[in-house]
Amino acid sequence: MTRYFTISALTAILVASSLLQAQTVRYNISHVAGSDMVRDGAPASNASFEYVRSIAFDRNGRLFIADSFANRIRVVTTDNTFGFPPRDYANGRISTFAGNGIPASSGDGGPAVEAEVSSPGKMAVDLEGNLYFCESGRVRMVDTTGMIRTIAGGGAQREITESVDATSVSLGSLTALTVDRNRDIYFTEANLGLVRKISAEGKLTTVAGGGQLDLEADGGPAIKARLLWPNALAVDSAGNLYVMEMDRSCIRKISADRTIRTIAGTGVSGSSGDGGPAVNAQLNRPRDLALDSGGNLYVLDNSGMNLRMISADGVIQTKSQLYGGYSGGATSLAVGPEDQPWLSYSGQVGSLIESRYYGSIGSGYT
């Protein structure tokens, strides 16, 4: 049945409808951050972003926003804790977390807010609160004291051997990033079709990709698979890694023993399969993915125009069709407090929330 939506901002982020066959539920697509120019310390609903490439949350509910074209990472903090009433991110305070606006890669060993960062992209936060992010040819880290350093890339070595120092190598197009419970960091070099791992000791290894097998690699070693533009990653509590292939329109799962298998998508672009096994469904150039605490996998599909969910038992369904005020659809996806999906568009960030639980988060322009 169709779900009905309301927009809680004067500038509409989304108009959404659901194809789920369930009872009618009203949703609010709550505009949280982004509109007018504002200085650090002002309400997030007034913040201005040039192009949001990624969003992430830490375990304390801080919202991180990678404003790629502005060469900064911003953070939104709120006063209240998890639960009821929910966090009011729109009226939370926004500040610069990393970057001074100059597109470069400098400042290692010093405060992140004074460093130069270059087009920050995908981000991840570990359990201790350290933030990791991709930029041009590097993976960098901002620790819990606010100091920044490079943990991979920036070196001269192009032929990468296994267990080499991660900072000694030259890296390509970094399109995805995630971190597991052991603080092992995974990222993709999409142009090479590779998934790499940075160990806690700072060593670089290849986890998946570089092989010659396409979907027939399923059931075998992940390093024998050929990955087509891997552009999103997620990792669960058991150490299983989820890899999205945008150019093959599928999602692969790499188990802890480094065996690969396809869990969603047939390799042919389309939008079929709702209500059935995700492995038999079609995806259409999916853009991002995120896991919730129950093992459900959210997928930003159809070039950012559809939000779909794969349940823990492998059934896929469309949560909503997304239509925003920016061409090209949503740019990124994250799961926030209370397991709610959050989306970013080029200049705004918002959440998809059942109003029977929360009501409106944001108020838009002020």
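For the notes on linings, I took a strand to be a DSSP run of E with at least two residues, numbered from the N terminus. The model is a predicted one.

**Chain.** I looked up the secondary structure and found zero helices and 26 strands. I noted 366 residues, of which 57% count as buried. I then checked contacts between residues at least 6 apart in sequence, and 47% of these join residues at least 24 apart.

**Largest pocket.** I read off about 1,200 Å³ of space here. The lining has 40 residues, and Phe57, Val125, Val235, Leu291 and Val335 are the closest to the centre. Which elements give two or more residues to this lining? I listed β3 (52-57), β7 (123-125), β12 (174-179), β16 (230-235), β20 (288-291) and β24 (332-335). Sorted by class, the lining comes to 23 nonpolar, seven polar and ten charged residues.

**Second largest pocket.** I recorded about 490 Å³ for this one. Its lining is made of 23 residues, and nearest the centre lie Arg53, Lys122, Leu174, Thr175 and Asn231. I found at least two lining residues from each of β8 (131-135) and β12. By class I wrote down six nonpolar, twelve polar and five charged residues.

Note on methods
Residues numbered from 1 in each chain as written. Predicted model: local features only at pLDDT ≥ 70, side-chain atom pairs only at ≥ 80, totals over all residues. Heavy atoms only, no water. 1 Å grid on protein atoms, 1.4 Å probe; cavity = no way out; pocket = protein on both sides within 12 Å on 5 of 7 lines; lining within 4 Å. Points joined across faces, edges and corners; volume = space filled by probe spheres on them. Helix = DSSP H or I, 4+ residues; strand = E, 2+ residues; numbered from the N terminus. Nonpolar A, V, L, I, M, F, W, Y, C, P; charged D, E, K, R; others polar. Buried < 20%, exposed > 50% of the residue type's maximum accessible area, 1.4 Å probe, protein only. Contact = heavy atoms within 4.5 Å.
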